[in-house]
Structure formats: C-alpha cells, structure tokens
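Subject: A structure for you to look at

Hi,

Here is the structure I promised to pass on. Please open it alongside this note, and then read on for what turned up in it.

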Amino acid sequence: SGPLLQVQGLEVEFRTGGRVVHAVNGIDIDVRRGETVAVLGESGSGKSITFEAILGTLDSPPGHVTGGRAEFEGQNLFDLSPRRRRAICGDRIGMIFQDPLSALNPVYTVGWQMAEMYRVHRHLGRAEARRQSMDMLARVGIPDVQRRIDNYPHEFSGGMRQRLVIAMALAVDPALVIADEPTTALDVTVEAQILALLRDLQRERGMGLILITHSMAVAAEIADRICVMYAGQVVERGDVRTLFGSPAHPYTAGLLHSLPGVAAARHRRLTPIPGQPPDLAHIPPGCPFHPRCPRAEARCRAEPPALRPVGDGQREAACHFAEELLAAAPTAQQDEG
Ligand code: SF4
Ligand code: MG
C-alpha cells in the first residue's frame, strides 16, 4: 500500500503589507501507516505551517497554498471543498498541540467534551459515548476516571491535560495523528511519559504519527524517520539511525554536534549554530543555509541544491557536498568511543 499522507512540492506564501513571506518552499513529506515521522526544525522553519496548510487551518488570507499536492488516503486534499476537507480531516486525522488548553473548552466537563467527539465523529449515543470516553481516558493514564470524568479542564495538571487531548484526538479512531510540539510545555519526566504513551498508542493502532518538534532528543526517541527542515525546505530526510549516525547535511551535523548530551538538550531550542534562520521574505539565493554554513563555497551562493538520494540511498540531502561530508564523517561508533 502507498503512503497514508504524501505531500509533494508544497508551497505556502503569506502576503502582508507588501511583503511576500515564502514560508514553505516545495516540501515533500510522506508517512505510512504504522510509522512515526518527526519533522524537526528551528522555530520559523515552516514546520507547523506545512501542516496547517494541509489541514486547511492556515489563517487565510494572508496565508495561501501556492503549489503542490497533499494526498491523504489517496485523495488530494487541495482538490476538496473546504467543508469536505474539514470533514475528512476531522474524522481521519487527530491533532495534538503544545498547549492543550487551546484544544479544550473551559466551560464543559472533560467527560462532556470527550463524549462529544464520539457523538459527532462516530455517531454514538449518549451512554455509549460516555462508556467509550471512560475506556479511552483510562487507556491514556487518567487515574480515578469515574470521578475525574466530571472535572473541568482547569482541574487537571498540564500532563493530565495533554493525556486528555491525546484521548480526544484518538477518540475519532484516526488513521493519522499530527502532534505539534506536544511535550514542549512539560517537564522532562512528564515529557518522557507522554512520548512513551504516544509511541504505544501508535503501535497498538497502527496509525501514522507525525511529530513536529524543535528537539533532536524527542525526534530520536520516538521517530522511525526524520525530516529536517530549514527555511521552508526539507534539507535532509531518512531513517533516524542513518541520519543521526552520520548526517549528510551540514545543518543536521551542526544540530548534532551542538548537543552536549541528549538529556541536557531535551528542552533546548535548536539555536546552536551561529547565526539566525533567514527572514522568509528574503531567503538567500543558492543554498538557503549558506550564510551559516561552515562549508559554504562560491557554488553554494549561486546554485540551490536539490534534495537527492545520498550514500547508500537510505536518506536524501539537499547539499552540493553531501557525499564529501559523509565520506569525511567518523562513524557513530567511533564518535562514542
Ligand atoms: Fe553548506 Fe553549500 Fe551544502 Fe548549503 S550546499 S549546506 S551552503 S555546503
Ligand atoms: Mg510551531
């Protein structure tokens, strides 16, 4: 079977006050059933906007999809009416955000909001919706469900709220879950628990899971494959071990080398490489990373590198010198020894 979601050549622009912001510039991303893909990048790399564009939740105007396709379960979402797209996404795609309160209504009880998901998307009656809500809340690790189900969201801790949002996202029995920085607001212990929960649920249900994150540690912990984004483009993608073992793009390498240790890096923003990501209204010509790249040469300033298979073909990178970088890199094992 083909990919569950296949995004090809996606382009998104924002037009504000005479400026054209090129937020997403020809992105290819795919995820299969039963697979977790981490989309990794600094803030402003276009990772959230990519998925807002796909789901039709961009603020539009000023945001517009200006090119590309997003095939979900064999259908190009961009060919559908906004109404049809919302219906499909609501029934088949679960969303989890960094701030669980944004997904919860403060004036309704937890149980009412959960049951509503079952009633609207699965067309269950009141009693059955409540029964299934309890099962799901228990599954995501809410203690004392009999009592907690009649609480309001503010009566839950941050970690419990994120479990609640996960339960709500899964209530519709989605084929795909998209989680945007789901653990960024949580402390390290709770973060590890939430990631483990997501991983378990993903395996149990054979869903596709897309995890948007700025944290290499989070990506390494949960992903099968990784997509590294920079300036609205994918600069490297492939199997997680391959990529972190021997990066073929200087940006990925920079992210890795800047890590003092996985634990310490867990909550750090990805800003270890000198310089800033470009202003997306003025993306540098050639390779967008060249102003920050320690390996940049004249060619990099003139010619944009295409994303292409590198090395053993297990990964793709968008760098003119990816082969050289790979050849020069010590193996992961030597690095550790
Ligand atoms: Fe660096 Fe050039 Fe590769 Fe871009 S193409 S990442 S500037 S070496
Ligand atoms: Mg974001």
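Around ligand 1 there is a shell of 13 residues, and the closest of them are Cys-287, His-290, Cys-293, Cys-300 and Cys-319. Sorted by class, that shell around ligand 1 holds 9 nonpolar residues, 3 polar ones and 1 charged one.

Please keep in mind that this is a predicted model. The predictor assigns the complex an ipTM of 0.96 and a pTM of 0.91. For the protein, the average pLDDT is 89, and 93% of the residues reach at least 70.

Now to the helix packing. Two packed helices are described by the angle between their axes and the distance between the axes, so I give both for each pair below.

Let me start with helix 3 and helix 4. Helix 3 covers residues 110-122 and helix 4 covers residues 126-139; their axes lie 8 Å apart at an angle of about 115°. That angle is why helix 3 and helix 4 count as roughly perpendicular to each other. Their crossing is right-handed. On the helix 3 side the contact is made by Gly-111, Met-114, Ala-115, Tyr-118 and Arg-119, while helix 4 brings in Arg-126, Ala-129, Arg-130, Gln-132, Ser-133, Met-136 and Leu-137. By class, this contact of helix 3 with helix 4 consists of 6 nonpolar, 3 polar and 3 charged residues.

Helix 3 also packs with helix 6. The axes of helix 3 and helix 6 come within 8 Å and cross at roughly 20°, so these two helices are roughly parallel to each other. The crossing of helix 3 and helix 6 is right-handed. Val-110, Gln-113, Met-114, Met-117 and Tyr-118 of helix 3 make the contact with Leu-164, Ala-167, Met-168 and Ala-171 of helix 6. The contact of helix 3 with helix 6 has 8 nonpolar residues, 1 polar residue and no charged ones.

What does helix 6 do with helix 7? Helix 6 (residues 158-171) and helix 7 (residues 188-205) pack with their axes 10 Å apart, at an angle of about 15°. Helix 6 and helix 7 are therefore roughly parallel to each other, and helix 6 passes helix 7 in a right-handed crossing. From helix 6, Gly-159, Gln-162, Arg-163, Ile-166 and Leu-170 meet Val-190, Ile-194, Leu-197, Leu-198 and Leu-201 of helix 7. In classes, the contact of helix 6 with helix 7 comes to 7 nonpolar, 2 polar and 1 charged residues.

Happy to talk any of this through.

Best wishes

Key
Residues numbered from 1 in each chain as written. Chains lettered and ligands numbered in written order. Predicted model: local features only at pLDDT ≥ 70, side-chain atom pairs only at ≥ 80, totals over all residues. Near = placed C-beta within 6 Å. Nonpolar A, V, L, I, M, F, W, Y, C, P; charged D, E, K, R; others polar. Axes fitted to C-alpha atoms, helices over the stretch in contact; angles between N-to-C directions. Helix = DSSP H or I, 4+ residues; strand = E, 2+ residues; numbered from the N terminus. Parallel < 35°, antiparallel > 145°, perpendicular 65-115°, else oblique. Left-handed = near helix turned anticlockwise from the far one by under 90°. Contact = placed C-beta atoms within 7 Å. pLDDT = per-residue confidence, 0-100.
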